[in-house]
Amino acid sequence: MTAPFKLIKGAKGELPDGRKSDGTPLFEDARDVARSLAPERPLLCFAPEMLKARAEAFLEGFPGEVSYAVKANSHPAVIGTLARAGIAVFDVASVAEMET
């Protein structure tokens, strides 16, 4: 089964995430999101379960300390997902990034 995509922000602010009432994903992939919503402004979507699994796999396979550059994507849902995956070091370059 495809991991559900979490829609973070679009033209109308926060969007729903997760699964439909029958348990199926709201969207199959990012292309399905774009086709279904036809957003006029950019939006961020990601699969939290997939991000967490990839971060965990990277942590398992990399022998050194792993850090995440917050400037890459500072959205709290992304940072929280990475923290739950075991990333404990977050590289910040400004006060604004520290407040994320």
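Ground rules: I am working with a predicted model, where local features need pLDDT of at least 70, side-chain atom pairs count only at pLDDT 80 or more, and totals for chains, interfaces and linings use all residues. Residues are numbered from 1 along each chain as its sequence is written, and side-chain values use heavy atoms, with hydrogens and water left out.

Layout: I found four helices and four strands, taken as DSSP runs (helices H or I, at least four residues; strands E, at least two) numbered from the N terminus. Starting at the N terminus, the order reads β-α-β-α-β-α-β-α.

Contacts: I looked at contacts (heavy atoms within 4.5 Å). Of those with a separation of 6 or more, 49% join residues 24 or more positions apart.

I then looked up the largest nonpolar core, which has eleven residues, including Phe46, Tyr68 and Leu82. Helix α3 (residues 76-85) gives the largest share of this core, five residues. Such a core is a set of buried Ala, Val, Leu, Ile, Met, Phe, Trp, Tyr and Cys residues joined through side-chain atoms within 4.5 Å.

Surface: Val95 lies in helix α4 (residues 95-98). I noted Val95 as exposed because its relative accessibility is 52%.

Notes: Buried means under 20% relative accessible area, exposed over 50%, partly exposed in between (1.4 Å probe, protein chains only).
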